Amino acid sequence: MASTGVCHSDLHVLEGIDKNYPFPSVFGHEGAGVVESIGDGVTSVKPGDKVVLCFESFCGECENCKHTKTHLCKKTPRNNLQMDGTSRITCKGQKLSQMNSISTFSEYTVTSEFNVAKVNPAANPNILCLAGCCIPTGYGAVMNAAQVPRGATCAIWGLGGVGMCVVMGCRDSGASKIIGIDVNSKKFDLAKELGCTDVINPKEVNVPEKLAEMTDGGPDFCFVSVGLIPVMEEAFNSSHPQWGKTVIIGLSNVGETMKVGIWDLIYGRKLVGTSYGGYKTRIGIPKLVEKVLNGELELKKLITHRLPLEDINEGFKMLTTGESLRAIIDYDLRK
């Protein structure tokens, strides 16, 4: 492992979003590193390859991997173990579950070759972890889930790392108006730098009314990168009443639901969700890394703090207080 991101998804699981999550566990689902060794039969990577770890597998062989309408590989275990039902991490003789089968909060990890994407060797693995979740999740929400056309109006609830990637996606799609919404006004300067044309603090205005005023009835596309049900419902109800499309990115508790009006749906509003931005990971992530290398995706601007592994709890604290946009663990940093 070279780097791993401290993401809200890890915090959500830590706080009990999934009551059936198997503890004890090694967390971490957003990481990058260098292949140290390979097992028998591994052909797609070799020692020395730079890779981004993928919490969604891509075997390329199952029905889902071959289908154009989904990126969810049938070989992904979804039980926080490996595909053969084992864990490759133990502590004092006890088996530990591996978050999303990869466990990036560790100096070394073992996973399936289907869970790593080989990337350009020119990429810096010490900052590349964000290509494992933050970038594809946010950017893909625009490119794949929403398919935002040129000239569209867009609103983004939540300007954390994922939200900023949504902003860049809307910018690259040629959206005419990109409105960032966050309770932390300190994020607004960077949001504007990355593509926002306007910013709103919900503490200061009535968001639905303000959006209707700014976009002639409501945004064409609404993106929600925070895991709060009232915010998701607000976004849906803020979208244009005849053709607005709301994309849910943020997580809520497993089994939780949101309420939308049937008549809203009948008259034209649309509601969709997205996981991993819809990318077939081992195909899509290397292409996103190329965008990072050529400067199209400004990865470094998303990283507000770089910490050693020993300070990971400090990273979580900054996440909860909103101090960090995205804190990452750089495994080359040592106390």
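**Exercise 1. Helix 3 against helix 4**

Task: In this predicted model, find which residues of helix 3 meet helix 4, and work out how the two helices are oriented to each other.

Solution: 
- Start with the contacts, taken as heavy atoms within 4.5 Å. From helix 3, Cys134, Ile135, Thr137, Gly138, Tyr139, Val142 and Met143 take part. Their partners in helix 4 are Gly161, Val162, Cys165, Val166, Met168, Gly169, Cys170, Asp172 and Ser173.
- Now look at the axes. Helix 3 covers residues 134-146 and helix 4 covers residues 161-173; their axes come within 7 Å and cross at roughly 40°.
- Angles under 35 degrees would count as roughly parallel, and 65 to 115 as roughly perpendicular. Helix 3 and helix 4 are therefore oblique to each other.

**Exercise 2. Placing isoleucine 283**

Task: Say where isoleucine 283 is found, and decide whether isoleucine 283 is buried, partly exposed or exposed.

Solution: 
- Locate the residue first: isoleucine 283 belongs to helix 9, residues 281-293.
- Its relative accessible area is 39%. Buried means under 20% and exposed means over 50%, so isoleucine 283 is partly exposed.
- Then check a partner along the chain. Alanine 117 is 166 residues away in sequence, yet the two C-alpha atoms are separated by 7.6 Å.

**Exercise 3. The annotated N-terminal span**

Task: Describe residues 2-119 using the UniProt record and the model.

Solution: 
- The unreviewed UniProt entry places the feature "domain: Alcohol dehydrogenase-like N-terminal" at residues 2-119.
- In the model, this span is 9% helix and 19% strand, and its end C-alpha atoms lie 14 Å apart.

Technical notes: Residues are numbered from 1 along each chain as its sequence is written. This is a predicted model: local features need pLDDT of at least 70, side-chain atom pairs count only at pLDDT 80 or more; totals for chains, interfaces and linings use all residues. Side-chain values use heavy atoms; hydrogens and water are left out. UniProt positions are given in the numbering used here, feature names are shortened, and annotations may be inferred rather than shown by experiment. Helices (H or I, at least four residues) and strands (E, at least two) are DSSP runs, numbered from the N terminus. Axes are lines fitted to C-alpha atoms, for helices over the stretch in contact, and angles run from 0 to 180 degrees between N-to-C directions. Angles under 35 degrees count as roughly parallel, over 145 as roughly antiparallel, 65 to 115 as roughly perpendicular and the rest as oblique. Buried means under 20% relative accessible area, exposed over 50%, partly exposed in between (1.4 Å probe, protein chains only).
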